[in-house]
Each structure stands twice: as C-alpha cells, then as structure tokens.
Amino acid sequence: MNRSFVRQLSHSSILCRPGYSTVNPVHHLVKVEKSKLKPGLQNLLLPADDIRSVKFKPTEICQDRVADYYNNTLQSDLLLHFYDHDAEVIEGNKRRSWGTDSPYKVYRSSRNPRGGTRSTKNKYPITSKNVPEIKSVVVHSYNKHALEHPWLNISTRLQLSVITNVKAKRIFNKSNILPWKVRVGRPCGGKVELFDRDMNQFISTLTELVLPRIRAFKGIRFSSGDKNGNVSFGLTAEDVQLFPELENFQELFPNLNGIDITFKTTAQDDSQAKTLLSAYGFPFSKE
C-alpha cells in the first residue's frame, strides 16, 4: 500500500489517518522592540501613571475632609445620639381599607390615612447599619425671565455649573399658565445633583464661605422638611454672588439668579435630618 501525503493548511497527515499540527503558533511569542518605534509613537513607552502618557487618567490628589469627618467622627456620634436599646419599629400611618361591609370597595381605592392624605413610612431603630447620612444634594434654579429671553437659560445653567463643578441639566415647564406666559416644554432653568466628592466640596463651600457672610441669614427654617428626611432652603441672587467662583468674576455673570438647595438624606424623619445637617455646620432658626 502506497502511503500518500495530503497537505492541509498548516499540518501534514497521511491519507485516511488523523493528523496533527507540525507548525507551532508563534504570533503571540513575537516580541515587539518598542525602542525602534517611530518618534510619533514614543509616548507608548511611558507608564500609565505618567501625565505625558496617552493612558494617563487624572485622579484626586487630596483627601476629602468632609467624608473623613463623617466616617471618623460624625457617624459614631450620631449612632450614640440616636441609639435606643429598647427601641421598636414604629408603624407608619398607612392607607386603610373600606372594610368588608361596603359594596363599593371593589371599585374604590384605599382610604386615606387617619389625620391626613399622605401615608408615612415605618420608623426603624437606629443601628450601625442605618446611621443617617447625606445621599446627594440637588441645586435647582428657576429663571422666569428665561421664558421671554431664552439666552438667560444658558447663563442660569452656566452659573450652576461654575459653583458646583458639574454640568447642569435643563429643566422644562410642565404646565400652561397663561398670565405668566408659561408653556409646556419651554426651558426655564437648570438642575444639578451632586454626589460624593462634588457634594462634599459644595457643602464645605456653603458652611465655610457663603452662609457666614450673609448678614440677613439667621438659619434654615425649622419648618423646612418633607417628613421623609429631606431638607430644602433657598438663596437669593445677592447671596449667590458670595460664592468664590462668582465673586471675582461678576462681570461675566451680570444676570445671576437665585438657587434652591435640597439635601437628600437617609434619615427617617425631619428631626434626624436636621440633627445631621446641624452637625455639618448648618444653623436652624424658628423665625
């Protein structure tokens, strides 16, 4: 019997017999001599942490003082303040049923809670796992003059971006109010939601540089709050001028607008939220 060979791509085998590869792959073993790269590609030789490298990614070079203050000091103090060894879950004011004797209960929604129209959440005891903290800060600005002069909408969003270091989003009207020339879908201001380091930097700027310089500011109203741990207050256009990002460049922002600031927290009621904010240096006033 003659043994005939059949050439199949990169391997040789005897006819009617399973073959095996005789050529080892070498493409992944070839070393590229980067020292011989042309001058335009020399930046590829730099390490990724070198600012001249194309792979360089800028990172923060300083510590977050506000975050360190909460993690090292404030969190344990709040736990000590709110902890109750005998605390139990407090049921919230929920919506009620119409009972079993009403013939219309199938077609009706649940009854309103006792003493109000809005249900409340359950209040759980404070432990090491649910210590109140600030989740985010929302900075919102509504400019009514932007309805007639659209270019003011750009300056309003630019104002928010400068003082928060985050690009502002446009907000639009949701209703038609003819006397105020409000139309659905028209841009009327901007909004920014801050998290983490940007949020902490904004809080530090407020408590250390802006609020102490407002002569008429006595504190956040004690009645502010939505009973779910969120607190809001506002600043006028004169107060916004005190931000260091705007104070030295007022000629670039001739049409400043007031802002509304909302603190979103994990607190279960307004008292916990106000205690948390007061620990950051925000005063409260009953007037």
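This is a predicted model: local features need pLDDT of at least 70, side-chain atom pairs count only at pLDDT 80 or more; totals for chains, interfaces and linings use all residues.
Residues are numbered from 1 along each chain as its sequence is written, and side-chain values use heavy atoms, without hydrogens and water. Local features need pLDDT of at least 70 and side-chain atom pairs pLDDT 80 or more, while totals for chains, interfaces and linings use all residues.

Select Leu41, Leu44 and Val54. Together they form a nonpolar patch on the surface with about 270 Å² of accessible area. Patch members have over 30% relative accessible area and no salt bridge; nonpolar side chains (Val, Leu, Ile, Met, Phe, Trp, Tyr) are joined within 5 Å, like charges within 9 Å. Areas come from the Shrake-Rupley method with a 1.4 Å probe, and for residues only the protein chains shown count as cover.

Keep Val54, in the loop between strand 3 (20-21) and helix 1 (65-82). Helices (H or I, at least four residues) and strands (E, at least two) are DSSP runs, numbered from the N terminus.

Next, the salt bridges (a side-chain nitrogen of Lys or Arg within 4 Å of a carboxyl oxygen of Asp or Glu). By this rule there are 5.

- Select Arg52 and Asp50: their closest N and O atoms are 3.1 Å apart.
- Select Arg65 and Glu208: the closest N and O atoms are 3.5 Å apart. Arg65 lies in helix 1 and Glu208 in helix 3 (residues 196-210), so the pair ties together parts 143 residues apart in sequence.
- Select Glu247 and Arg213, with closest N and O atoms 2.7 Å apart. Glu247 is in helix 5 (residues 244-247) and Arg213 in the loop between helix 3 and strand 7 (220-221), 34 residues apart.
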